[in-house]
Amino acid sequence: MSDFYHVSSSPHVRAKDTTGRIMLYVIIGLLPTSLFGIYNFGYKALILILVTIASCVASEWVFNKIVHKKNTIGDLSAVVTGLLLALNLPATLPWWQAVLGGVFAIVVVKMLFGGLGQNFMNPALGARCFLLIAFAANMTSFEINAYTGATPLAAMRAGEAVNAMDMLIGRTAGTIGETSAIAILIGAIFLILMGVIDLRIPASYIITFVIFILLFGGYGFDINYVTAQLCGGGLMLGAFFMATDYVTSPITPRGQILFGICCGIFTGLFRCFGANAEGVSFAIILSNILVPLIEKYTVPRAFGQVKESKKAEGGK
Amino acid sequence: MNKYLERLYNGLIKENPTFVLMLGMCPTLAVTSSAINGLGMGLSTTVVLVFSNLLISAFRKVIPDGVRMPAFIVVVASLVTVVQFIMQAYTPSLSDSLGVYIPLIVVNCIILGRAESYASKNPVLPSIFDGLGMGLGFTVGLTLIGLFRELLGAGQIFGFQVLSLSWFTPITIFVMAPGAFLVLACLVAVMNIVRKKMDAKGKPLAAPTGCITGDCAGCGMSATCTGKRTADHTVKTE
């Protein structure tokens, strides 16, 4: 019997997208950022990226071995987590702290909650926040061209002028992957074209953040200030690569927009009124925690379904 | 086993308040930033627990059933006040670092739990040993948590630098609030592994019933509890 007559239950049409394939697209999307980070911060950045990825993949493998589960490192999600985590670390971080971060991301944030698809928080961001609290000194010392400098956001907070053009290209101090807005945008456009992410979360995130900054930033409508806030810190990387994580963002379209708005408001709050100059990672993690609630209230109406309240009116 | 020793074993291991019953979590998470704090908190709770069990057990026939909770609280609160004054007089630095958690021993659920479920129904001597066992179990739990947090978060054990700062970077998250949760979770996991091993060996440690009061009608968990006692006070098999 030929395949043509093969009888099976639905679905009959399957997309080629597997988890591994999507993760591969994300890795390709992160390549420009990674390459620019290595170019900007030198071989240290390359070593840190490789160490973090190795740590993530190894801890997933070891965890699955210990609890006798099928091994899942083939779906590349651990590689993406490792790469994203490394892009969120300063290039000068000692390698063992990066390894610890990788273990924390995979074992505590992801695997203990049931593995890919079950974690309520972005593993890379969870680990970054863990490292930020655990090794505050190492995580906030940024070095570029062999001298230690403040990040543009910290400089702006101290009242110094910053060059928005430098920040757009990325020749500034910061974590490995956050400095170049252009490199991130190239990767993001690739992901959008491939249909891996859509614009709902990043757009609502960034628009909300800009509105917040215009209202409460204290500079009014200053194009240089707004550009610097947009390109500074982890906002671009966070909006396009972390907030859009399938597992930890809402699945409903309206929920995604609401989620982006939450991220934007939190980021603005932390940056304008918080103790630190940067707040993207904490903002996204907080919004991750709100996701179940957001999804509960944004379930789309099925075709032909009548609202409960209207039904009651009709019955009168 | 001797019934007094059995009480000690019960409090230290079988129904360890920190790792098995999960009682008194508030001081467990809040004051264990160093081993000495954990030890101090544990010992002061033990003192209160032993004496409250003694007094409540001695007065169990005089205390009317309807007002037993206020009566227990009065006994416990008086004892806590005594302990607090003694600590302020002789260990002022420890008293400062434990702060509000010393007065809060009054509402510690281990103490009221033992008073309600054991001391108010049993003679004086077993009650004292019950209090001692539970108190020591609590002390061991808090000291262990404090030990790990201090070691990882500052490289110290009881205030002595054991990991040299020349090569060790303190993981400061462990002396902060999230570290308490991480360490507690790991230690409970270890305890559960031990329990499983003992079960497999055929020497079960007895699963925790989670039953604090033994009084199903007045228990807040009554709606969801799966181990309800029948009229003749034997636990139903699940």
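**Ground rules.** I number residues from 1 along each chain as its sequence is written, and chains are lettered from A and ligands numbered from 1 in the order in which they are written. Because the model is predicted, local features need pLDDT of at least 70 and side-chain atom pairs count only at pLDDT 80 or more, while totals for chains, interfaces and linings use all residues; side-chain values use heavy atoms, with hydrogens and water left out.

**Entry 1, the interface of chain A and chain B.** I looked up the contacts (heavy atoms within 4.5 Å) and found ten residues of chain A touching seven residues of chain B. The buried area, meaning the accessible area (1.4 Å probe) that two parts lose on being put together, summed over both, is about 640 Å², and carbon and sulfur atoms give 78% of it. On the side of chain A, the most area is lost by Phe130(A), Ile133(A) and Ala134(A), which together make up 57% of what that side buries.

Helices here are DSSP runs (H or I, at least four residues), numbered from the N terminus, and helix 4 (95-110) and helix 5 (123-134) of chain A are the elements that give two or more residues to the side touching chain B. Helix 4 of chain A gives the most, with five residues.

I located Ser180(A) in the loop between helix 8 (164-169) and helix 9 (181-193) of chain A. Ser180(A) has 3% relative accessibility and so counts as buried (under 20% relative accessible area; exposed is over 50% and partly exposed in between, with a 1.4 Å probe and protein chains only). Leaving aside residues up to four places away in sequence, Ser180(A) touches Phe36(A), Met167(A), Leu168(A), Ile169(A) and Gly170(A).

I counted eleven aromatic pairs over all chains, where rings of Phe, Tyr and Trp (its six-membered ring) pair if their centres lie within 6.5 Å, with planes under 30 degrees apart stacked, over 60 edge-to-face and the rest tilted. Phe212(A) and Phe273(A) have ring centres 6.5 Å apart and planes at 75°, so I noted the pair as edge-to-face; Phe212(A) lies in helix 10 (residues 200-216) and Phe273(A) in helix 13 (residues 253-273) of chain A, 61 residues apart. Phe212(A) is buried at 10% relative accessibility, whereas Phe273(A) is exposed at 54%. Phe212(A), Phe216(A) and Phe273(A) form one aromatic cluster.
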